[in-house]
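Subject: Structure handover and notes

Hello,

Here is the structure that I said I would pass on. Please open it first and keep it beside you while reading the notes.

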Amino acid sequence: MDALPAAPAMSFQRVTVGLGTFVAIQARGTLDAAAQVRALDRACEVFQTVERVMHPTAEGSDLVRIAEAPGGALLPVHPWTFEVLSLSQGLWQSSGGHFDPCIPESPASISDLQLARPTSVRAPPRPALLDLGGIAKGFAIDRAVMNRDRKSVV
């Protein structure tokens with residue numbers, strides 16, 4: 001009996017604007033078209049969420065709320081924001097303070113933030129003006145291409 005021929009690989013792509021740049025996403029594989037479109041939709045949702053919660057100047061973003069909070073205020077943040085801030089603090093520490101996602105004009109630094117489990121931040125006495133830029137983009141890409149089981153989805 002002859003083996004069935006392999007299903008042809010299909011490719012779908014989407015280009016959108018997000019995180020201050022163009023984002024091009026491609027899904028390619030033998031999944032049916034609807035599954036690939038769903039994977040692209042999930043990836044775009046990740047970029048939209050990261051932009052919404054980690055934008056440095058957009059009203060209501062976690063970073064703006066941290067910058068505007070009175071010193072000592074405990075602010076709940078999105079779990080992804082908490083994860084990136086935690087990673088940023090680790091990078092600040094391991095780099096001897098050379099890595100700091102606070103803009104140069106910021107009165108505070110990443111080391112001034114107090115992270116409180118599960119997902120809250122205690123605002124420092126001086127405003128922390130954060131711009132997670134590249135680290136947020138990398139985080140979004142990692143999230144967008146991996147599903148909950150850490151398997152590639154796009």
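This is a predicted model: local features need pLDDT of at least 70, side-chain atom pairs count only at pLDDT 80 or more; totals for chains, interfaces and linings use all residues.

Which side chain does a polar contact of 2.7 Å join to that of Asp62? The partner is the side chain of Thr81. A polar contact here is a pair of N or O atoms within 3.5 Å; within protein, one must be able to donate a hydrogen and the other to accept it, and residues adjacent in sequence count only if both atoms are side-chain atoms.

Residues are numbered from 1 along each chain as its sequence is written, and side-chain values use heavy atoms, with hydrogens and water left out.

Overall layout

The protein chain has four helices and five strands. Both are DSSP runs numbered from the N terminus: helices are H or I with at least four residues, strands are E with at least two. Read from the N terminus, the order is β-β-α-α-β-α-β-β-α. Of the 154 residues in the chain, 34% are buried. Buried means under 20% relative accessible area, exposed means over 50%, and partly exposed is in between (1.4 Å probe, protein chains only). Among contacts with a separation of 6 or more, 52% are between residues 24 or more positions apart; contact means heavy atoms within 4.5 Å.

Around Asp62

Asp62 is part of helix α2. With a relative accessibility of 6%, Asp62 is buried. Setting aside neighbours within four places in sequence, Asp62 is in contact with Val53, Pro76, Val77, His78 and Thr81.

The nonpolar core

In soluble globular proteins, nonpolar side chains tend to be buried together. A nonpolar core is taken as a set of buried Ala, Val, Leu, Ile, Met, Phe, Trp, Tyr and Cys residues joined through side-chain atoms within 4.5 Å. The largest one in this model has 35 residues, and Val50, Met54 and Leu132 are among those with the most contacts inside it. Two or more residues come from each of β2 (21-29), α1 (33-54), α2 (62-68), α3 (79-94) and α4 (133-145). Helix α1 gives the most, with eight residues.

Not counting residues up to four places away in sequence, Met54 touches Leu63, Trp80, Thr81, Val84, Leu132, Ala136 and Phe139. Ala136 sits in helix α4 and is buried at 5% relative accessible area. Beyond its neighbours within four places in sequence, Ala136 is in contact with Val50 and Met54. The C-alpha atoms of Ala136 and Ser88 are separated by 10.0 Å, although these residues are 48 residues apart along the chain.

The aromatic pair

How many aromatic pairs does a search of the whole structure find? It finds one. Rings of Phe, Tyr and Trp (its six-membered ring) pair if their centres lie within 6.5 Å; planes under 30 degrees apart count as stacked, over 60 as edge-to-face and the rest as tilted. Trp80 and Phe139 make an edge-to-face pair, at 5.8 Å centre to centre and 65 degrees between the planes. Trp80 lies in helix α3 and Phe139 in helix α4, so the pair ties together parts that are 59 residues apart in sequence. Trp80 is buried at 16% relative accessibility, and Phe139 is buried at 10%.

Strands and loops

Strand β1 (residues 10-18) runs antiparallel to β2, and nine bridges join them. Two strands count as paired if DSSP finds at least two bridges between them. Thr16 has Val23 in β2 as its bridge partner. The hairpin of β1 and β2 has two residues between the strands, and Leu19 in this hairpin takes a positive phi near 60 degrees. Most residues other than glycine have a negative phi, and most peptide bonds are trans. The peptide bond from Arg117 to Pro118 is cis, with omega near 5 degrees. Pro118 lies in the loop between β4 (114-116) and β5.

Regards
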